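Student: I am new to this structure. Please take a close look at its salt bridges and what surrounds them.

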Amino acid sequence: FSPEKGIIELVNHFKNLDKKLIIAGDGPLRNQVINSITAHANIHYKGAVKNESLVDFYNAIDVLIIPSFEEAGPLVGVEAMAAGKIIVSTNVGAMQERLAGTANQFWFDITDENSLGVALDALERIPSALLQKIRQEVKNAYISNYSNATLSRDYLKLFSNY
């Protein structure tokens, strides 16, 4: 947790929402995050998730929120794509490119509290069958662009040209 990740702003937004938030991670703002959620039963801090527990973590959530102010290409976004999760994100780094061609277009402005609420409310109105289709599109985008098989093929192709 660091200022550019938008975690404090996300916590503050959820204090005013009647929705559950599970926070995973660690960093310099950890104590501030923990102290700011103590009176809010809808917000839970899980701590850092070890690599061997990532599958369990992604199985436990429905939606991943990326609240960052700035990122190059958040790894957590690729992990969520591999898990076939809906992603609600700020327009940061590579996320728009990663989700292009999918119906996963749930964007918000971390500086605007209403923006996140609007994105989450829109998501809740989508029928479950359509949500499942969007999840599959996200997973397919991962397989097509970021899976080990795809990356290996692309690297071999690149090196074979030299």
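**Salt bridges, one by one**

Tutor: Start with Asp26, which is partly exposed at a relative accessible area of 45%. This is a predicted model, so treat each value as computed from it. Asp26 has a partner. Its side chain meets that of Arg30 in a salt bridge, 3.7 Å from N to O. Arg30 is partly exposed too, with a relative accessible area of 33%.

Now look at helix H2, which spans residues 30-37. Three of its residues, Val33, Ser36 and Ile37, are buried. They lie on the same side of H2, because the arc they cover around the axis is only 90°. What do these buried residues pack against? Their partners are helix H1 (7-15), strand E1 (21-24) and strand E2 (43-47). Turn to the face pointing away from that buried side. There sit the exposed residues Asn31 and Asn35.

Back to the charges. The structure holds four salt bridges. One of them joins Glu71 to Lys5, with the closest N and O atoms 2.7 Å apart. That pair links distant parts of the chain, 66 residues apart. Glu71 is in the loop between strand E3 (63-66) and helix H4 (75-82). Lys5 is in the segment before H1. Both ends show some surface. Glu71 counts as partly exposed at 21% relative accessibility. Lys5 counts as partly exposed at 33%.

Next, take Lys19 and Glu124. Their side chains meet in a salt bridge at 3.0 Å, N to O. Is each end buried or exposed? Lys19 counts as buried, because its relative accessibility of 16% is under the 20% cut-off. Glu124 counts as exposed, because its 54% is over 50%.

One more link belongs here. Go back to Arg30 at 33% relative accessible area, partly exposed. Apart from that residue, salt bridges that share partners join Lys19, Asp121 and Glu124 into one network.

Terms used
Residues are numbered from 1 along each chain as its sequence is written. This is a predicted model: local features need pLDDT of at least 70, side-chain atom pairs count only at pLDDT 80 or more; totals for chains, interfaces and linings use all residues. Side-chain values use heavy atoms; hydrogens and water are left out. Buried means under 20% relative accessible area, exposed over 50%, partly exposed in between (1.4 Å probe, protein chains only). Helices (H or I, at least four residues) and strands (E, at least two) are DSSP runs, numbered from the N terminus. The arc is that of the directions from the helix axis to the C-beta atoms. Contact means heavy atoms within 4.5 Å.
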